[in-house]
Amino acid sequence: MSAKAVSELSGKEILYKYFESSGLLSAPYAFHVKAGEDFEKVANKYEWLSRDNKGVIKPDQLIKRRGKLGLVKIGTPSELKSWFETTGNSKVKVGQTEGRLHTFIVEPFCAHSEKDEMYIAIFSERSRDVIMFYEHGGVDIGDVEEKARTVSISVQLDNKAMTPTNEELDHLLGPVRDSQIVKQFVLELYQAYKDLNFTYLEINPFVLMNNQIHVLDLAAKLDETANFLCADKWKSRLTPYGGSNYVEFPAPFGRDLTSEEQYISDMDAKTGASLKLTILNRKGRVWTMVAGGGASVVFTDTVCDLGGASELANYGEYSGDPSESQTYEYAKTILSVMTEGAPRTDGKVLIIGGSIANFTNVAKTFGGIVRAFETFVSKLKEHKVTIFVRRGGPNYQEGLRRIKDAATKLELPIHVFGPETHMTAIVGAALGVKPMPTVPTAPQTTGQFLLSPERNTGGTERAPSSPAADSAPKENPLISTQKIPSSRGLFENDTKAIIWGQQAKAIQGMLDFDYVCRRSSPSVVASTYPFTGDNKQKYYFGQKEILIPAYKSMAKAFAMHPEVTAMITFASMRSVFETVLEALEFPQIKVIAIIAEGVPENQTRKLLKIAHDRGVTLIGPATVGGIKPGAFKIGNTGGMMDNILASKLYRPGSVAYVSRSGGMSNELNNVISQNTNGVYEGIAIGGDRYPGSTYTDHVIRYQNDENVKMIVLLGEVGGIEEYKIVDLLKQKKITKPLIAWCIGTCADHITSEVQFGHAGASANALGETAACKNAALRASGALVPESFDDLGNKIRQTYDTLVQKQIIVPQPEIPPPAVPMDYAWARELGLIRKPASFMTSICDERGEELNYAGVPITKVLESEMGIGGVLGLLWFQKRLPPHANKFIEICLMLTADHGPAVSGAHNTIVCARAGKDLISSLTSGLLTIGDRFGGALDGAARQFSEAFDQGWSANQFVSEMRKKGKHIMGIGHRVKSINNPDKRVEILKKFAMDKLEFAQETPIFEYALEVEKITTAKKPNLILNVDGAIAILFVDILRHSGMFTKQEAEETIEIGSLNGLFVLGRSIGFIGHYLDQSRLKQGLYRHPWDDISYIMPESNL
């Protein structure tokens, strides 16, 4: 929802901060006090109230006409306190909505008379802003629209140009036109309105006292999508009294957010997907979990239309390709509320629905839902929940298979349907008022669409879309007997487009569509993206590989491709305004599709103005785009190739449609293809309040296109655009059959304010309700079904009539050319397999989060296993015990460095001083590690293990090594001795011998200590050195910690893991030496001559 109401306190604070420098506004410090808080404790912070001045207290919960309802109290602090304690937490009814009073605004009372009160309001429309003013305000103002004077300011690209003239101001202010302060206030208030991205601002009343404006009561809405532009401007003033300085968007009155709603709202704020949840009736029997903004409204409508409104428990949606874990959390939240409390004797139903997705991976989202089923399986059975599922879109076959498997495995009653079933057919069955839809008898399989363009119906047969014509010649529908219009449409089969953004998947989808439509050349000729250099990118056109240029400069892209007439921009909400503004500078452009959601309304309106002036059609924002079968498609419109084939979008039909919703447009493709000869053109204008082009724009185009024989309009609650269609019908300017349905009829059954689906789907007046629109359309001659459930039948009846009248002459069906499937998607669908080039068993980055040996990285951090634990997971695939983790960390500390003189450190230093980079210098040092440097660990482990395993005594081991003339690895030190022990070894000994901490046996280490007694008796420096101690303790951990089998322990030593410990530890020191030399700025190293013995041949060779 873009236009979002703010609390009165936030609205005032935003204005106070904006007007701070001018001093035009009186700006007292008001505050909030909430039910249950100590009024005196909060109030005592504010000096104006502590001096026994009069104040005003009233609820700040988006309640209209509080004065009329007796919800405003003026009085002393004690009187305000008394009223607050009486009123707080009480329930009141406002209209049809009952709610609890919990948040109050308290501010100084401004003494004045009623004659001082004035009224001003500013609101935005598609092409203008309107300022309303009346010199009398207050609670008794009455019908302000009849009394107030207004001024309209047309939208302009430059905000400064959007200013009322002096004449307009004089007209607006009427009797108070001579007040310079009021005039200045109106001008500056309108400037604030624009700069702060208000969409509605009403001050009733305000008064002029002591040369300052006092704002007494305020209601306002901000364009929430402009947060990235205005976040700092929307902060309130920093005060000495504390409190939040962020703008507050309270829930509608009577709709206090539950903990579950707040949880989903918080999730929604942290993701690019859309997650919405409104709990209407916690004890309700009918629950929904619907994908898509438009589809969520349609399913809710159908529940209400079929008599289920009183049992409807929730409204919500998940869309925008949420991840599996996000879908799991969403589903889990709904199931937790659904299965709370005592079970009902009549059980509950859960409707999991959605339109045919354009790009959301259905299998991925259904994976999250199945996980939620597994979590709540016992509760679902206890509450006798029956589940109905209907879904289509990318990988839907695999998604439905997962649901079916879950039904079998968990023994849950789940009824599963795909896109061959009408979208809302499951609702009547779930409510028990209609029979269960028929289902295919054969199991659905993911790859069947490769064999036939028909939707997989599992052995069932769909009614043919056109009569059989065995004797008729098979001709290309693209060059059929249809009459070509005299004027070109938005898109034709030779339309060329440039794509803004790195959207390889969308581009390839467009090229595949081009190929299946038998276009002679690709529709995408170039892409542009300012953050990369000019290059060429590889794509497929059928089986042929082609190169499509990508340009850093948009100007260069258009200059190099003068034939381009369309641009599709995937720019984000932050950059799309500048992107489209630049594109509008090129006269060759005729159509721009804006995919981004969340574009600020002021920016959209400016783009509309420029586009209109230059004769450019905008589609969007917040759209998936549009499609002209057999000619052109925008981005991801139409979904995957299986849906394009099943809905026969590869060739033109006779039906044109327009809708807001992208998901619902795909559903219309499906419905129209099942009930007519197919779609001629379809446009999703986008869900924002101000779409770039309107229903009317496209319906008029369809009326004037000879190839369009019937029109489908899918409107929705909110706005008045559908009434323009009503007027055109009455004026006989639309004469073709128009099947129309406005979604959102459920709004009449829901008492509290709920934002349905899109930003524009909110009724602000009776005439904006879906029911009123449907009635008006029906009365003006449109063909309006009883509900969306009946839409397909109404389309079929109309089509059959046109066929009978020979207005539509069905053409023979020509199979489209086969389109190869991308390898990545075929593998995702499970259609192919290929031997992997690599195998790994320690790490997996493909899921929602990184896994180390099966342990999610969050759990690695939460368990505080440290670097030793991480090493255990990645090196040994084991969750080692704490003492083993600590031992590894001690080893890394002990082996980190041994001074600059050893070969590895020396090499690193020499390399660093030669000006080499860190990696080169580190590698130079590491390459010295081997049998002579660092190799003692492996050798000591091997020698001591073999001796211990053969049962040799310590004496026998020493004797055998002497006989073989071998040194005992891990024994001996150049400096340290029995009299001057190595502190590092002493630390290891103490750690290993403390059995409370080192909780395991250490037989080989104890054996080594016996060997040390013998060797030091011969020579004091033949002690167990640090390499030996580390190696032998490591072997003990492998053998006696209980984590490794004997075979695993031996293999771990053989593959060099001990050397790995030395390499890892010593890398720390080598890096330190590199950084030290760089910091000291040491020059190129040259070894001194006097440290080299030159031994040259005596004779002259």
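Helix α7 covers residues 180–195 of this predicted model. Its 16 residues reach 22 Å from the first C-alpha to the last, close to the 22 Å expected at 1.5 Å a residue. Quite a list of its residues is buried: Ile181, Val182, Lys183, Phe185, Val186, Leu189, Tyr190, Ala192, Tyr193 and Lys194. Just after α7 comes Asn197, which takes a positive phi of about 60°.

Helix α32, at residues 936–949, can be described in much the same way. It has 14 residues and spans 20 Å between its first and last C-alpha atoms, close to the 20 Å expected at 1.5 Å a residue. Is this helix enclosed or exposed? It is largely enclosed by the rest of the structure, because 10 of its 14 residues are buried. Those buried residues are Ala936, Leu937, Asp938, Gly939, Ala940, Ala941, Gln943, Phe944, Ser945 and Ala947. Gly951 follows α32 and has a positive phi, near 80°.

Next, the overall layout. The protein is divided into domain 1 (3–241), domain 2 (259–435), domain 3 (491–622), domain 4 (653–834) and domain 5 (861–1080). Taken over C-alpha atoms, the centres of domain 1 and domain 2 are 41 Å apart. The UniProt record, an unreviewed entry, places a feature called "domain: CoA-binding" at residues 493–598. Over that stretch the chain is 26% helix and 30% strand, and its end C-alpha atoms lie 31 Å apart.

What about the insides? In soluble globular proteins, nonpolar side chains tend to be buried together. Here, the largest nonpolar core has 98 residues, and Ile568 and Leu777 are the ones with the most contacts inside it. Leaving aside residues up to four places away in sequence, Leu777 touches Glu722, Ile725, Val726, Leu729, Ala740, Cys742, Ala782 and Val784. A second, separate core has 57 residues, including Ile929, Ala941, Val958 and Leu1024. Ala941 is also one of the buried residues of α32.

Val708 sits in the loop between α22 (695–704) and β31 (710–716). Is Val708 buried or exposed? Its relative accessibility is 1%, so it counts as buried. Again not counting residues up to four places away in sequence, Val708 touches Ser654, Ala656, Tyr680, Tyr702 and Lys736. Asp789 is 81 residues from Val708 along the chain, and the C-alpha atoms of the two are separated by 24 Å.

Gln508 belongs to helix α16, residues 504–516. With a relative accessibility of 8%, Gln508 falls under the 20% cut-off and therefore counts as buried. Beyond residues up to four places away in sequence, Gln508 touches Tyr539, Tyr540 and Asp822.

Then there are the cysteines. A disulfide is a covalent bond between the sulfur atoms of two cysteines. How many disulfides does a search of the whole structure find? The count is 0. Cys517 counts as buried, at 1% relative accessibility, and Cys891 is buried too, at 1%.

Most residues other than glycine have a negative phi, and most peptide bonds are trans. The peptide bond from Asn204 to Pro205, however, is cis, with omega near 5°. Pro205 lies in strand β11, residues 198–209. Another cis peptide bond joins Gly620 and Pro621, with omega about 5°. Pro621 is found in the loop between β26 (617–619) and β27 (626–628).

Positive phi values also show up away from glycine. Lys384 has a phi of about 50° and lies in the loop between α13 (377–382) and β18 (385–390). Its relative accessible area is 45%, so Lys384 is partly exposed. Gln877, with a positive phi near 55°, is placed in the loop between α28 (866–876) and α29 (882–894). Gln877 is partly exposed as well, with a relative accessible area of 42%.

Notes
Residues are numbered from 1 along each chain as its sequence is written. This is a predicted model: local features need pLDDT of at least 70, side-chain atom pairs count only at pLDDT 80 or more; totals for chains, interfaces and linings use all residues. Side-chain values use heavy atoms; hydrogens and water are left out. A nonpolar core is a set of buried Ala, Val, Leu, Ile, Met, Phe, Trp, Tyr and Cys residues joined through side-chain atoms within 4.5 Å. Buried means under 20% relative accessible area, exposed over 50%, partly exposed in between (1.4 Å probe, protein chains only). Contact means heavy atoms within 4.5 Å. Helices (H or I, at least four residues) and strands (E, at least two) are DSSP runs, numbered from the N terminus. UniProt positions are given in the numbering used here, feature names are shortened, and annotations may be inferred rather than shown by experiment. A disulfide is a pair of cysteine sulfur atoms within 2.5 Å. Domain bounds come from an automatic or database domain assignment. The expected span of a helix is 1.5 Å times one less than its number of residues.
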